[in-house]
Amino acid sequence: MSRPGRDFDPRRWDESDVRARPSKKGSRPRTKDRPTHGEALVGRVVTVDRGRYTVQVSDEDGTRDITAMRAKELRRNPVVTGDLVGVVGDLSGREGSLARIVRIEDRSTVLRRSADDSDAYERVVVANVDILVIMVAAANPEPRTGFIDRALVAAYDAGIEPILCITKTDLRDPADLLSHYRHLDLEVLTSGAAEPAPTGAVESAQADESEEPDGPSGDADLDAGLLATLRTRLEDHISVLVGPSGVGKSTLLNALAGTRRATGHVNAVTGRGRHTSSSALAIPLPDADGSWLVDTPGIRSFGLGLVDRDRVVEAFEDLAPALADCPRGCLHAAGEPGCALDAWVAGGHAGAAGPERLASLRRLLDGRSDAATGER
């Protein structure tokens with residue numbers, strides 16, 4: 001049996017006063033598994049305001065709006081108006097209560113845009129809608145076919161059915177505007193006009209003196225016939241209103257949904273409407289279970305930087321057939337070798353508005369970041 005050396009001092013090996021440094025990570029083992037939140041109640045986001053989300057939920061206690069915030073694990077996932085989300089926590093809806101969004105359900109559609117045509121950053125306008133109502137006025141503010149074309153491209157790219165709605169036809173006959181889209185399979189609704197609207201895919205909603213608008217007194221700018229037609233057309237759908245400020249989006253929402261959304265007037269100097277809506281707002285339509293209408297802030301442009309070049313052309317239904325004769329990698333620009341669009345229009349296949357339509361298409365394509373490089 002060995003004995004300690006002569007210089008061994010047991011006090012040097014006393015560990016009773018040693019203090020272990022606590023671990024910052026804790027003693028619980030890390031895991032990548034996240035809670036499934038199977039008990040979460042699914043509701044629809046009706047508006048977003050500075051990081052707070054108003055969500056409409058329904059359960060055995062009834063239907064109510066609650067205020068929620070995003071869970072930490074969703075901080076990189078944007079939540080937008082129209083989203084179906086799973087919420088947990090305080091779902092009472094009482095003032096001061098706050099729930100938590102823990103899951104975003106799969107989206108059926110996404111209406112998106114970019115800041116401009118050279119921008120590839122996605123800005124989601126609304127989710128889970130199946131009808132896009134493009135609202136323009138026949139005058140005051142002046143209608144812009146470029147805006148309508150962009151909205152149509154965004155709708156077709158998202159798989160959303162577009163409807164063109166023209167208001168203020170008492171100020172100007174919309175015949176010239178309608179002729180621009182005569183050759184498209186596009187549903188068009190107009191307010192009562194002095195002369196019949198063109199035949200085809202256009203439906204003129206003439207005013208019915210026996211029917212009054214349901215909304216507040218400020219809704220006189222929209223005639224009863226147009227309101228009745230839209231009320232029937234949007235039933236059983238989730239629809240979104242998109243258009244410049246001053247064309248009557250909020251007025252229409254007030255009339256159809258019985259809300260009190262603020263409305264504004266058009267500036268007599270600039271000819272532009274004032275932004276009266278600062279955020280998208282989804283409202284359920286009364287007496288129409290499952291029908292929703294989303295009002296959006298006035299959008300002056302739809303950037304198409306996220307849409308493939310050929311997809312842009314395909315949205316111009318009267319010009320799209322020419323793609324079959326274009327060479328591979330064609331940029332469809334003016335003077336592009338082998339581009340079949342010019343011959344298609346010259347042959348009269350796009351109708352009398354063909355040259356204007358082709359010019360509008362090329363304006364959309366010229367602003368893209370791939371226009372100069374030829375990248376697709």
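**Close-up views of a predicted model**

**View 1. Strand 14 and its two neighbours.** Strand 12 (residues 238-242) and strand 14 run parallel and are joined by 4 bridges. The model shown here and in the other views is predicted. Within the pairing with strand 14, V240 has V294 as its bridge partner. Strand 13 (residues 281-284) is also joined to strand 14 by 4 bridges, but these two strands run antiparallel. Here A282 is the residue that stands opposite V294.

**View 2. The largest nonpolar core.** Nonpolar side chains tend to be buried together in soluble globular proteins. The largest nonpolar core of this model holds 34 residues, and L111, L164 and F302 have the most contacts inside it. Elements that give two or more residues to this core include strand 7 (123-127), strand 8 (131-137), strand 9 (161-167) and helix 2 (175-179), as well as strand 12 and strand 14. Helix 1 (145-158) is another of these elements, and its 7 residues are the largest share of the core.

**View 3. Surroundings of F302.** Leaving out residues up to four places away in sequence, F302 touches L111, R112, R113, S114 and D117, among others. Another core, of 24 residues, lies apart from the largest one, and C165, L226, L230 and V247 are among its members.

**View 4. Helix 3 against helix 4.** Two packed helices are described by the angle and the distance between their axes. The axes of helix 3 (residues 224-233) and helix 4 (residues 249-257) come within 11 Å and cross at roughly 70°. Angles of 65 to 115 degrees count as roughly perpendicular, and helix 3 and helix 4 are therefore roughly perpendicular to each other. The crossing of helix 3 past helix 4 is right-handed. Where they meet, helix 3 provides L227, L230 and R231, and helix 4 provides L252, A255 and L256.

View 5. Five strands form a closed barrel in the order 1-2-3-5-4, and their pairing is mixed. On average, neighbouring strands of this sheet are turned by 55° against each other, direction ignored. Strand 4 (residues 84-89) and strand 5 (residues 99-104) run antiparallel, joined by 5 bridges. In this pair, G89 stands opposite A99 of strand 5.

Methods
Residues numbered from 1 in each chain as written. Predicted model: local features only at pLDDT ≥ 70, side-chain atom pairs only at ≥ 80, totals over all residues. Heavy atoms only, no water. Pairing = 2+ DSSP bridges. Core = buried A, V, L, I, M, F, W, Y, C linked by side-chain atoms within 4.5 Å. Buried < 20%, exposed > 50% of the residue type's maximum accessible area, 1.4 Å probe, protein only. Contact = heavy atoms within 4.5 Å. Axes fitted to C-alpha atoms, helices over the stretch in contact; angles between N-to-C directions. Parallel < 35°, antiparallel > 145°, perpendicular 65-115°, else oblique. Left-handed = near helix turned anticlockwise from the far one by under 90°.
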